[in-house]
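Reader: Hey, I'm new to this one. Can you walk me through a few spots?

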Amino acid sequence: MADLPTDDLKTLEAEGLAELAACTDEAQLRAWNSKFFGDKGAMKAAQAKLGSLPKDQKPAYGQEFNRVKVALESAYTAALAGKKEAALQASLTANPLDVTLPGRSRPRGRLHPATQILRQVYAIFADMGFQVYRTREVETEERNFDLLNMPAHHPARDMWDTFFTTTPGVVLRTHTSPGQIHVMRETCPKPVRVILPGMCYRNEAISTRSEIQFHQVEGLAIGEGITMADLKGTITAFARRMFGPDRQVRIRSSYFPFTEPSIEVDIDWPKDDPNRDRLTKGTGWLEIMGAGMVHPSVLRAGGYDPDRVTGFAFGMGPQRMLMLKHAIDDIRLFWQNDLRFLRQF
Ligand code: DAH
């Protein structure tokens with residue numbers, strides 16, 4: 001008996017497989033899929049034919065239909081996977097991935113040298129019981145000068161080249177000393193032992209030795225019975241930890257309106273350092289800070305009674321200390337953000 005309905009199915013299978021084999025890319029495969037398995041595809045038509053067959057032919061046709069369906073479906077799935085794999089291989093060959101190449105390292109940041117030195121200063125004073133107290137960079141002229149015993153037209157004001165803002169009576173602080181007033185007024189009548197770090201601003205012509213902005217660290221201790229010996233001990237302990245255990249400290253008398261008596265503090269420079277002469281201008285001594293016993297008028301401005309308490313204060317420039325430690329001879333390097341300089345720390 002020729003031309004059994006199942007023969008049509010076999011023909012369909014053979015055609016399907018042949019056309020599938022002829023597909024060269026994924027797009028053609030998908031077109032093949034809709035031609036055979038789409039809603040109006042060949043398989044739907046073959047399935048529909050089942051209904052029109054005589055009853056005795058139905059089971060054989062059904063079975064054969066299922067077999068062909070599975071065969072074509074699995075051939076299609078395999079072909080699709082094969083094409084995907086081939087596409088991946090092609091792209092890998094076109095853009096080869098060399099897994100032996102070293103990875104790209106991420107540049108690692110570090111602390112700015114000014115931050116590093118400030119943290120060293122904090123650590124040393126923290127060990128001596130000083131708290132860090134921050135105050136504002138924009139100050140009143142009154143706190144920057146008047147309350148520090150420098151009324152208007154006082155000649156000592158000439159020591160600070162000031163940036164005045166357009167608001168009358170408001171300046172960029174020229175030193176951290178106005179912070180003393182803030183702490184005293186907040187703490188009075190309790191004793192004080194703080195350092196006040198922060199940025200200061202002066203209207204300078206920028207050169208290797210002067211910048212318009214720089215850090216200072218102010219120190220202030222107030223209480224009953226504080227003497228110059230306490231100041232000397234504190235400064236000596238600081239200098240030895242910052243610059244080395246053998247350092248000698250020299251104290252010279254000086255003048256600041258907010259301290260009485262006022263001093264300047266030098267440390268001796270190691271004799272074996274080749275930069276010694278240049279750094280110390282041939283003297284062997286280097287100034288590291290101004291200091292003194294807090295002037296009674298300043299204590300009063302802070303709310304304290306100078307007959308009951310005394311205090312000492314000091315002010316130092318951490319950038320300057322860093323320059324000394326590393327023989328850096330240009331202060332402008334700190335805020336230029338040149339990585340060749342910054343990476344060395
Ligand atoms: N404020 C001073 C300056 O900027 C430094 C200074 C000197 C601070 C003596 C003090 C001090 O607290 O007692 O030049």
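Predicted model: local features only at pLDDT ≥ 70, side-chain atom pairs only at ≥ 80, totals over all residues.

Reader: Okay, what span should helix α4 have, going by its residues?
Author: Helix α4 covers residues 58-94, and at 1.5 Å a residue its 37 residues should span 54 Å. The end C-alpha atoms are 53 Å apart, which agrees.

Reader: And which residues of α4 are buried?
Author: Among them are Tyr61, Phe65, Leu72 and Leu80. The cover over the buried residues of α4 includes α1 (5-22), α2 (26-37) and α3 (42-48).

Reader: New topic. Where's Phe312?
Author: Phe312 is in strand β9, residues 310-316.

Reader: Is Phe312 buried or exposed?
Author: Buried, because its relative accessibility is 3% and the cut-off for buried is under 20%. Beyond its neighbours within four places in sequence, Phe312 contacts residues including Phe130, Leu220, Ile226 and Met293.

Reader: Which aromatic cluster is Phe312 part of?
Author: One formed by Phe125, Phe130, Phe238, Phe312 and Phe314.

Reader: How many aromatic pairs turn up in the whole structure?
Author: A search finds 12. In one of them, Phe256 and Phe258 have ring centres 5.8 Å apart and planes at 25°, so that pair is stacked. Both Phe256 and Phe258 are buried.

Reader: Last one: what lies over the face of Trp269?
Author: That's Arg247, at 4.8 Å from the ring centre.

Definitions and conventions. Residues numbered from 1 in each chain as written. Heavy atoms only, no water. Helix = DSSP H or I, 4+ residues; strand = E, 2+ residues; numbered from the N terminus. Expected span 1.5 Å × (residues − 1). Buried < 20%, exposed > 50% of the residue type's maximum accessible area, 1.4 Å probe, protein only. Contact = heavy atoms within 4.5 Å. Phe/Tyr/Trp six-rings, centres within 6.5 Å; stacked < 30°, edge-to-face > 60°. Lys NZ or Arg CZ within 6 Å of the ring centre and 35° of its normal.
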